[in-house]
Structure formats: structure tokens, C-alpha cells
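Me: I have a protein model to go through with you. Let us take it in short questions.
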Amino acid sequence: MAHPDLTARVDGLFLGAAKDRWEGKPPSAIQKDRVSGPQDISFNGFSGDEQADLTVHGGAEKAIHHYALDHYNAWQSEGHLAPNTNPAAFGENISTRGLTEDNLCIGDILTLGTATVQISQGRQPCWKLGLHTGNKKMPYLFQKMGRTGWYYRVLEPGSVAPGDVIALVERRHEDWSVKRVTQARLTRRVSPHEAEILANIVDLAPGWRAAFARMADGIAHEDTTARLGA
């Protein structure tokens, strides 16, 4: 399938370790710090990166989180982030300009340095995002605005350094932008027909396919208390 010519430079790479961040709360690795030089990428993401709870973060379907630097000005101008906030305020691993949820699609395959990655799903924000940014409304704002970022699965391990190129090489589902699919998943406002289509997109993460299968069967309710409640 033909695809648009989408390329960007990697403005920043950010890795972090699991730490005790908040009293009475479980550890978190949402704090990511800028790194320099080439970083190795395995099937589970960056070798120097950690996730605290692998039941909800990390793993093959959420190996790398990419967030558009393009969104930072909007968050700041709207008063949701402090002025001059720098990446990785949202816990992202990769920051670029020019690639967003609007111009990328589920299943897109990209080269990332010498690695090859594929967009597997959008991000489902949780309460840790609110505490990390100092704005407890942030998880809800992520869902409302659709500026969530996205996750990659790794198809071919390799390495990438700041300044390297990330480029779209294959588009498989041109009708299903990251934003469209993520908003359908988070709001559950999707027709049974579209939910059935999404449930059968093999490039979509299995957990999301299962959720859309339930929606296709008319089960729209989902308890998000544990995910969104701090």
C-alpha cells in the first residue's frame, strides 16, 4: 500500500528506572531522563529502560512510547503544563516533531535508526500521569484531547541515537489513524460495525482487539476506576 513520505529526526531519547515516587503508591518508572549516544533496542524496548508494573506497562506490545513534541505548546498555552516544560513530561521514550496521532495509523511500520518498529496501539493514560505532571486532570485531558502518543512493538531489534531518522516505510490501515482508534478505545463511542472491524485488525494490540470485540457485542461499559483514580 502506498504511504505518505513521513520522516522526522529523533529530538530526544528518554529512559528511566522504577522508583518509589509517591508515599503509599506503588513504584513507577514514568520519570524518564534524556540520554545521549546510541541506545540498543530489543523486542521489549530500550535495554536501559524499565517499567514498574509489567501487567499494565511495557512488554512486547508497549515496548516503546513515542510522544509528539508538537503538542507541548498546546498543553502549555492551555494552562495544563507549566511554561517551558520539557520532554519527557509524559514519560515518553522518544520525542520528535512532525509525527502525530493524526498522520500516523495503527499498524504503520517505521524504521527507527537501525531498528524496525510498528505502531501497536495508542496510550491509555493512568493516574500516574496526573501525579507526575502535577495536574491530576491530565489523564482525563489526554483522553479528551486525543494527544496521547502511541506505542511500538519491535519487529527488528537495532539501535537509535538522538538525531537519527525515523521514517514510515509501510502503511497497512490508512483509514485508522492513531487518533481515531485511540479515541474509539478510550471513549468507547464507536459503532458495532466499526468495533468489529477494529477487533479483526491483526496489527492492533491483542488487548485492544479484545476490547473492541466486546464493544462489537454491545458491551460498552468498562470500569476505569483503577486506571484513572489516584
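Me: How many bridges join strand β4 to β5?
Reply: This is a predicted model: local features need pLDDT of at least 70, side-chain atom pairs count only at pLDDT 80 or more, and totals for chains, interfaces and linings use all residues. Residues are numbered from 1 along each chain as its sequence is written, and side-chain values use heavy atoms, without hydrogens and water. Strands are DSSP runs of E, at least two residues, and helices are runs of H or I, at least four, numbered from the N terminus. Strand β4 covers residues 39-42 and runs antiparallel to β5; the number of bridges joining them is two.

Me: Which residue in β5 is the bridge partner of Ile41?
Reply: Strands pair if DSSP finds at least two bridges between them. In β5, the partner of Ile41 is Phe46.

Me: Which strands stand at the edges of the sheet?
Reply: The open sheet has the order β5-β4-β11, with antiparallel pairing. Each edge strand has a single partner, so one side of each lacks a neighbour in the sheet. The edge strands are β5 (45-46) and β11 (158-160).
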